[in-house]
Amino acid sequence: VGRVLYNLTNLAAPATALYTHPNTDFAWVAFSAGQGTIYCHGFSGDKSLSYRTSVKPDGTALEIPVHAGELPDGEIVRSALGYLGFTILGSDAGVRLATPDSAGNLTVGGLIATGTSVRCLVGFSRFVWFGWTNYDTASTGLGRLDLSAFTATDTPAYATDLMATTQG
């Protein structure tokens, strides 16, 4: 809620704050799964940050989140998906693939520019589909990442997929 992450451990009891971001303007906007990790993504102004947390060894709650990565200044995170060991981030500028290191920190790959915000992501088989609003002056639809083919380090091949002749 806003800049506060809550820890829900008992549905019969009130939620307790797990972590309150020190920046009062920060907003959590997306969450994604990793290998033994939960990634929490948010932004303040033109700065987008990713944090990682995990379940405590005794299973009673989550660990306090720690910084795991960030997008370039000016790029605002809007969506996230954990899929096949990757974290896929949708932003105001497009979509990026992030790869975790052995500690769970994210290395962010190259931007696949869409010209509009990517607000939805879904994976199936080796592909990840993403919303591609206003692809051109006549089309809106889906883009598709291929996680088995890369054009550069941490940058998957992509193409348009299903499109509709409409805007929005």
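**Reading burial, contacts and patches**

Mentor: Let us begin with contacts. In this predicted model, Ser91 is in contact with Leu71, Glu75, Ile76, Val77, Arg78, Thr116, Ser117 and Val118, leaving aside its neighbours within four places in sequence.

Trainee: In which strand is Ser91 placed, and is Ser91 buried or exposed?

Mentor: Ser91 belongs to strand β8, which covers residues 86–91. Buried means under 20% relative accessible area. Ser91 has 1% relative accessibility, so it counts as buried.

Trainee: Which backbone atom does the side chain of Ser91 reach?

Mentor: The side chain of Ser91 reaches the backbone nitrogen of Ala93, at a distance of 3.1 Å.

Trainee: How far apart are Ala98 and Thr155 in sequence and in space?

Mentor: Ala98 and Thr155 are separated by 57 residues in sequence and by 8.7 Å in space, from C-alpha to C-alpha.

Trainee: Which residues form the nonpolar patch on the surface?

Mentor: Val1, Tyr6, Leu8 and Leu11 form that patch, and together they have about 530 Å² of accessible area. Tyr6, one of these residues, lies in strand β1, residues 4–7.

Trainee: Why is Tyr6 classed as partly exposed?

Mentor: Partly exposed lies between buried, under 20%, and exposed, over 50%. Tyr6 has a relative accessible area of 41%, and therefore it is partly exposed.

Definitions and conventions. Residues are numbered from 1 along each chain as its sequence is written. This is a predicted model: local features need pLDDT of at least 70, side-chain atom pairs count only at pLDDT 80 or more; totals for chains, interfaces and linings use all residues. Side-chain values use heavy atoms; hydrogens and water are left out. Patches are made of residues with over 30% relative accessible area and no salt bridge: like charges are joined within 9 Å, nonpolar side chains (Val, Leu, Ile, Met, Phe, Trp, Tyr) within 5 Å. Accessible areas come from the Shrake-Rupley method with a 1.4 Å probe; for residues, only the protein chains shown count as cover. A salt bridge is a side-chain nitrogen of Lys or Arg within 4 Å of a carboxyl oxygen of Asp or Glu. Helices (H or I, at least four residues) and strands (E, at least two) are DSSP runs, numbered from the N terminus. Buried means under 20% relative accessible area, exposed over 50%, partly exposed in between (1.4 Å probe, protein chains only). A polar contact is a pair of N or O atoms within 3.5 Å; within protein, one must be able to donate a hydrogen and the other to accept it, and residues adjacent in sequence count only if both atoms are side-chain atoms. Contact means heavy atoms within 4.5 Å.
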